[in-house]
Amino acid sequence: MKPLRILVVDDNAVIGMLLARTLTSMGHEICAVETTQDDAVAAAARYRPDLMIVDVALGQGSGIAAVEEVLRTRHVPHIFMSGAPIQAGTRGRVVLAKPFDEAELALAIADAAGTPTAA
């Protein structure tokens, strides 16, 4: 899989940084790690990521609403993460249940980006 520029959005800064570190070790570039809906939307406009990995429930705002706002201006493949049961409004989208491992993350990225994975 080719390296992607990824925007990470999680209201827990520690989880966001750990995810960014994992993605970097997988060969991807992290363009930003954000914690709120507004900051996520601004970062997506500023950095134009190839992929967004977004927590569904944010302390300030909604990950789903952030992605929907970004998608109004341009298509960006995205993955929703959630530690809770699948939320309403995520049907048909790539959803990664927390906690997840690197293999599950890689499969979700391939699915969201529309790239085949090695068997």
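## Around Tyr-47

In this predicted model, leaving aside residues up to four places away in sequence, Tyr-47 touches Arg-5, Cys-31 and Ala-32 (contact means heavy atoms within 4.5 Å). Tyr-47 belongs to helix α2, residues 37–47 (helices are DSSP runs of H or I with at least four residues, strands are E runs of at least two, both numbered from the N terminus).

Tyr-47 counts as partly exposed because its relative accessibility is 32%; buried means under 20% relative accessible area, exposed over 50%, and partly exposed in between, with a 1.4 Å probe and protein chains only.

## The face of α3

Now to helix α3 (residues 63–71), where Gly-63, Ile-64, Ala-66, Val-67 and Val-70 are buried. Seen down the axis of α3, its buried residues fall within an arc of 160°, so they line one face of the helix; the arc is that of the directions from the helix axis to the C-beta atoms. These buried residues of α3 pack against α2, β3 (51–55) and β4 (78–82).

## Reading the model

Residue numbers start from 1 along each chain as its sequence is written, and side-chain values use heavy atoms, with hydrogens and water left out. As this is a predicted model, local features need pLDDT of at least 70 and side-chain atom pairs count only at pLDDT 80 or more, while totals for chains, interfaces and linings use all residues.
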